[in-house]
Every structure is written in structure tokens, then in C-alpha cells.
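Please report on how the two chains of this model meet.

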Amino acid sequence: MIGSSPIRTFIAHAVLILGILIVAFPIYYTFVASTHSLQTILRPPLPLLPGDRFWENYSTALFGGIGRIGGVSVGTLLYNTTVVALAIAIGKIVISIVSAYAIVFFRFPFRMTFFWLIFITLMLPVEVRILPTYKVMVDLGLIDTYAGLTLPLMASATATLLFRQFFMTIPGELVEAARVDGAGPFRFFKDILLPLSKTNIAALFVIQFIYGWTQYLWPLLVTNRNDMNTIVIALRKMISFADADTEWHLVMVTCMLAIIPPILVVVLMQRWFVRGLVDTEK
Amino acid sequence: MPQSSRPSATKKSAPHPYPLPVTNGGRGINAGAPQADEGHSGKEEALSPRVTFPNKVLPYLLVAPQLAITAVFFYWPAGQALYQSMLREDPFGLNSKFVWFDNFARVLSDPNYVNSLKVTVVFSIATAFVSMAVALLLAVMADKVIRGRGIYRTLMIWPYAVAPAIAGMLWLFLFNPSIGTLAYGLRWLGFDWNPLLDGTDAMVLVVTAASWKQISYNFLFFVAGLQAIPKTLIEAAAIDGAGETKRFWTIVFPLLAPTTFFLLVVNTVYAFFDTFGIIHAVTGGGPGKATETLVYKVYNDGFVNLILGDSAAQSVILMVIVIGLTAFQFRFVEKKVHYG
């Protein structure tokens with residue numbers, strides 16, 4: 001290593017720590033706010049250290065406060081969001097792994113047409129076709145259903161491309177050996193392909209779980225009933241800066257509850273997360 | 001057409017964590033025309049002989065779920081958007097008239113639309129610049145330290161997991177004029193800060209929130225990009241007497257160009273499309289129309305104001321922008337990747 005004098009290393013550490021303070025500050029401060037009383041929050045500046053209302057605020061938000069957020073408990077919201085995030089992540093992986101399997105390991109008419117049809121969906125994110133997609137949902141009766149919240153987000157080219165890419169690196173000899181040993185397509189998929197794809201599946205799962213958890217525009221459109229809201233949408237409805245009724249201490253608790261699960265997934269599955277992001281993009 | 005797209009067909013394609021429109025797909029986008037099909041697959045087999053299973057029906061069943069969802073939720077609505085963009089409809093859908101490109105003409109000549117185009121451009125450039133500059137600085141520092149690298153990374157990736165809308169709310173909580181602690185600090189310092197009334201302040205706030213959320217993503221990519229640069233080059237320059245700053249600007253930064261270009265496109269797309277939550281939760285496009293981005297306007301015109309034809313025309317324009325960005329990525333970004 002060159003240029004690693006103690007002073008330079010010290011500066012590097014100092015800049016990094018400063019950067020982390022900036023990056024972490026909003027989240028930390030939300031936590032601090034979630035442990036203070038409403039009166040303290042309404043009189044800025046808020047102390048930099050957590051207050052003594054932790055149990056009170058969190059138990060009120062989780063178990064008390066019936067009738068908040070349009071009569072829906074935080075538990076329901078967390079449940080909805082978990083269902084949506086898991087369904088999107090798992091559904092996407094299943095759907096795309098089988099279609100990538102078909103495209104790589106079979107030869108059939110229109111194979112490449114199908115591939116391109118899937119590929120081009122990259123250029124049609126929800127944001128550019130919101131109104132017509134909403135209309136389709138209404139016609140199919142999918143408003144306020146879990147299917148409506150998840151199905152349209154399950155098909156995307158990204159996961160299919162990732163699996164296709166990975167499958168193409170699997171040597172043909174492996175397929176040949178499996179066939180010589182009498183393994184059919186199901187057997188090959190289950191006993192060889194799935195175990196080989198484990199890392200890719202884990203990486204994709206983390207990214208898609210976060211994607212599902214943080215959805216905003218789509219849940220906003222397809223849910224009318226409060227008890228079908230995801231926690232992100234419900235939070236938006238809780239906040240009102242115009243009137244003084246916003247119960248900020250509870251909003252902050254809900255904020256924490258909304259960001260802790262995805263943060264845990266990212267931090268605990270960091271290895272796969274980073275792999276999923278960086279390795280697949282190169 | 002198959003010939004022109006052929007050489008790149010075996011290149012790596014890289015999916016994006018979001019279903020974003022841009023990816024290193026590795027192929028020219030125009031090669032997607034159906035007529036390219038037969039010759040295409042035939043040649044692919046000739047180039048890369050692949051052992052396959054002989055089943056005739058099974059593969060169709062395997063692609064069926066994805067194709068069904070794609071057809072119902074992607075192609076059908078996209079077609080509808082195209083069709084509606086040429087219709088003039090009343091809000092109740094009782095009367096409609098085919099008007100060709102009238103909607104486009106009206107949308108493009110509408111000062112509000114031009115304004116939101118400007119807002120989007122300013123917002124995107126500012127967000128991409130701020131988040132990439134901060135991330136690059138931190139990544140360069142992280143590349144220098146040996147001890148604690150893992151901990152720094154762990155602490156740096158949190159914001160990625162925060163929903164854009166919540167990121168917006170967190171920053172709004174800090175900078176809200178009545179209860180925000182940082183807003184209090186700004187006023188104490190003498191700034192006349194009010195993002196709820198002042199357009200520039202509102203823009204600064206949404207750019208801050210949007211950039212903050214994107215720092216972790218850019219950081220991870222810059223770290224990976226820096227690690228891919230051969231250390232021998234930097235050492236050679238150091239032996240030749242180049243100082244640290246000079247080494248960075250003449251060696252590291254140019255070699256990092258592929259990563260930078262890639263992130264530039266990804267961040268632009270992020271700012272264009274994924275920040276709807278921030279705008280909707282923080283400013284609602286206001287004050288005035290100071291933070292009304294294109295996506296927000298499509299939503300607002302379609303769902304709130306119920307001007308269906310205009311909204312559809314805007315959707316189609318957005319589609320063109322997405323396709324343009326994707327094409328840009330293929331032509332310029334993909335070709336510049338020369339390391340590794």
C-alpha cells in the first residue's frame with residue numbers, strides 16, 4: 001500500500017464517520033423522537049438523546065390506540081406489508097426461474113420471441129402506464145386484494161434475465177450427464193439447477209423483498225380500504241402538517257416499525273444483498 | 001437486423017434490483033422485433049451449442065405464468081395508453097373521440113407540462129450529482145482504510161432499505177418549519193427556511209431526501225469499481241511522483257468512468273421514476289408547482305384531475321423517455337465497460 005500515512009488514514013476514518021453520521025442521523029433521530037412525548041416533539045429543538053417514553057409509545061402504537069389510522073391497527077398494516085413483500089419476492093423468483101429455465105434448456109418455436117416479450121417489459125415500469133393498468137385492475141376486480149397488490153409487480157424482466165444469465169454459464173456436460181443418467185427435466189431442475197442457484201435466489205430475494213416492502217405508487221392506487229393499506233401508505237395518511245392533530249410520537253413509532261424489518265433483512269443478509277446488487281450489474 | 005444484434009448476444013446482461021427500465025441487457029433494443037425470431041434462435045444454437053431437453057409442450061407451460069402476467073399487466077395497459085393518448089374523453093368515459101396527436105400537441109405546448117419537465121430535469125441532475133459525489137467521496141475513503149471496512153459498509157447500506165416515501169417523511173420531520181429541529185437550527189442561523197411556502201426550499205428538501213436514499217446504492221458500486229482498478233497502476237504513478245490528488249484525477253477517476261456512467265443512468269432513472277413517493281409524501285408537487293415532476297403530473301392529471309387523454313399522452317411521452325434512456329445506456333454505457 002502506498003500513501004497510507006497515519007494522518008491520511010485518520011482523515012479517511014474521520015470522513016467516513018462523518019458520512020455515516022449524516023447517513024444514519026435521520027433514522028437515529030426518528031428513533032429518538034419515537035421515545036419522547038408529543039409535547040416534547042412539538043417544541044423544537046428535540047433533545048439528541050432518547051427520552052423515557054419508549055415502552056409507553058411503542059405499546060400504545062402496537063396494542064392501544066384503536067381507531068388510529070382509520071381504525072386499523074399497526075399489526076394489520078405490518079401483516080399486509082409482510083404479505084405483499086414476501087409474495088412479490090417469492091412470486092417473482094418462482095415465475096422467473098421457471099421461465100428462464102424454459103428459455104435456456106429447451107428449444108421451441110417462438111422461444112426468442114418470448115424472451116424479447118419479457119425483456120421489453122423493462123421499458124414499461126408501472127409509472128408510465130399507471131392509469132390503464134389501474135383500469136385493468138378495476139375490470140378484473142382486483143382492487144383491495146392481495147392479488148391486486150402483488151400480481152402486477154411479480155412479472156419483471158430483471159429476475160428472468162438474471163437467471164437466464166446464470167443458467168447459460170452451466171456447462172452442457174452437466175445437462176448431458178443428467179440425461180444419460182435418466183433424469184428428466186423436473187428431476188434436473190429440482191436436484192441440479194435449484195441447488196446451484198441458491199446464492200442467486202438468496203440475493204434476488206433480499207432485493208425483491210426490499211422492493212416489495214418499499215412500494216408506494218402501486219399500493220396507493222389499488223387500495224381504497226384502510227385495512228388493505230401497506231404501512232408506508234398508512235403513514236402518509238397519518239401525517240398532516242396543516243393541523244395540529246398529528247400524533248407525532250406515534251407517527252415516529254410507526255416509522256420505526258416500517259423501516260426496521262427491511263433494514264434487518266438488508267443488514268443480516270448483507271452478503272447476498274451486496275452480491276445481488278453489485279455482481280449482477282457488472 | 002439479426003446480424004447487427006448478433007455479436008453482443010452472448011454478452012452478460014445484468015438485471016437491476018428494481019424493475020427499472022434500464023439494464024445492461026447487452027443487446028440492441030431494436031432486435032426485439034418478432035421477425036428476427038427464427039434466424040435468431042438458429043444462429044444462437046450454432047454459436048453456443050447447448051444440450052437441451054426434447055419436450056415439446058413443457059416449455060410453453062413454464063413460460064406461461066410470466067407471459068400471462070406480462071400480457072395482462074404490461075402489454076395490454078401499454079397498448080391502452082397508446083390508444084387513449086389519441087382519444088379525447090370526458091371524465092366519466094361517456095363520450096370519446098379519436099383526435100390523433102392533439103393530446104400530445106396540447107400537452108407539449110402546455111406551460112405546466114414544460115414547467116414539470118424543467119422541474120424533473122433540475123431534480124434529476126441535482127439528485128444524481130449530490131448522491132454520486134457524496135458516495136464517491138465516501139467510497140474513496142473506504143478504499144483507503146483497512147480496519148473497519150466491513151462495519152462502515154454495514155452502516156452505510158441502511159438507507160437502501162428505507163422506502164422513498166418514508167425517507168421523505170424523515171427529512172420533512174427534520175426540516176418541517178413548525179416542529180423540525182434542523183429547521184429550527186436554520187432559522188436560528190438566520191435562514192428564512194420554509195419548504196411549505198418556498199419553491200426552492202421545497203426542492204432542496206426533496207433533493208436531499210432523494211439523494212440520501214441513493215447514497216448507499218452508489219457507495220456499493222463505487223467501492224466495487226475502485227476495487228477493480230489495478231493497484232499496480234496507482235503504485236507506478238506514485239513512484240513517478242504523482243501526488244494523491246493527481247493520482248485520483250488522472251488515473252482513478254478516468255478508470256472509474258464505466259461505473260460513473262452506469263450510475264449516472266441508474267440515478268437519472270431513479271430520480272425520474274422512483275421518487276414519486278418522496279414528492280407525493282413531502283410536497284405534493286407544491287408549493288405552486290415547484291416540485292411537480294413528470295411522473296407526479298401523470299398521476300395528478302389522471303387520478304386527481306381526471307384528464308384521461310392528457311394523462312395517457314404524458315404516459316406515452318414517459319415511455320419514449322424510458323426507451324431513450326435505455327438506448328443511451330446500451331450505446332454509450334455498455335461499450336465503455338472495459339475493465340475486468
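The side chains of R8(A) and E244(B) form a salt bridge, with N to O at 2.5 Å. This is a predicted model. The rule finds one salt bridge across the interface of chain B and chain A. Across that interface there are also 12 residue pairs in polar contact, with both residues at pLDDT 80 or more.

On the side of chain B that touches chain A, helix α3 (residues 58-84) of chain B gives the most, with 20 residues. That side of chain B divides into 80 nonpolar, 27 polar and 15 charged residues.

How many residues are in contact between chain B and chain A? The contact joins 122 residues of chain B to 121 residues of chain A. The size of an interface is often given as the accessible area lost when the parts come together. Here chain B and chain A bury about 11,600 Å² between them. Carbon and sulfur atoms carry 75% of that area.

Now the backbone of chain A. Most residues other than glycine have a negative phi. F110(A) has a positive phi and is not a glycine. D144(A), also a residue other than glycine, has a positive phi too.

| Residue | Phi | Loop in chain A | Relative accessible area |
|---|---|---|---|
| F110(A) | about 70° | between α4 (74-105) and α5 (111-120) | 48% |

How values were computed. Residues numbered from 1 in each chain as written. Chains lettered and ligands numbered in written order. Heavy atoms only, no water. Contact = heavy atoms within 4.5 Å. Buried area = accessible area lost by both parts, 1.4 Å probe. Salt bridge = Lys/Arg side-chain N within 4 Å of Asp/Glu carboxyl O. Polar contact = N/O pair within 3.5 Å; in protein donor to acceptor, adjacent residues only side chain to side chain. Helix = DSSP H or I, 4+ residues; strand = E, 2+ residues; numbered from the N terminus. Nonpolar A, V, L, I, M, F, W, Y, C, P; charged D, E, K, R; others polar. Buried < 20%, exposed > 50% of the residue type's maximum accessible area, 1.4 Å probe, protein only.
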